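Hi everyone, thanks for coming. Let me put the chain on the screen, and then we can walk through its surface together.

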Amino acid sequence: MGLPNLNPERATKNDDDAVTEEKEKVEESSKQDKELLERMLRHKRLVTAMDTWNEKVTEYRRWLMRREEVVNGVPDFMVTEE
């Protein structure tokens, strides 16, 4: 009869529950955002490390190729410098 929210205890309890649920949602969302950010940073570091490794391997292979040319006696005019 009338408005059910006139009872202050009932209104406060529902409001507190709503606030608590909202806080939990925000905290869960914040945790997910942090985890996603950490994964992205980890991925970026992995990509950077792989790029660096690729450059070093390429540099080593070029060095090895020049070394084999010198050892096998390829004339200097045939050796290309990069």
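I'll start with the overall picture and then turn to the charges and the nonpolar side chains.

A word on the ground rules: this is a predicted model, where local features need pLDDT of at least 70 and side-chain atom pairs count only at pLDDT 80 or more, while totals for chains, interfaces and linings use all residues. Residues are numbered from 1 along each chain as its sequence is written, and side-chain values use heavy atoms, with hydrogens and water left out.

So, the fold: the protein chain has 1 helix and 0 strands. These are DSSP runs, H or I of at least four residues for helices and E of at least two for strands, numbered from the N terminus. Of the 82 residues, 4% are buried; buried means under 20% relative accessible area, exposed over 50%, and partly exposed in between, with a 1.4 Å probe and protein chains only. The accessible surface is about 8200 Å², and carbon and sulfur atoms hold 55% of that (Shrake-Rupley, 1.4 Å probe, with only the protein chains shown as cover for residues).

Arg 39 is partly exposed at 48%, and Glu 35 is partly exposed at 43%.

Finally, a nonpolar patch: Leu 46, Met 50 and Trp 53 share about 350 Å² of accessible area on the surface. Patch members have over 30% relative accessible area and no salt bridge, with like charges joined within 9 Å and nonpolar side chains (Val, Leu, Ile, Met, Phe, Trp, Tyr) within 5 Å. Leu 46 lies in helix α1, residues 8-71.

Definitions and conventions
Salt bridge = Lys/Arg side-chain N within 4 Å of Asp/Glu carboxyl O.
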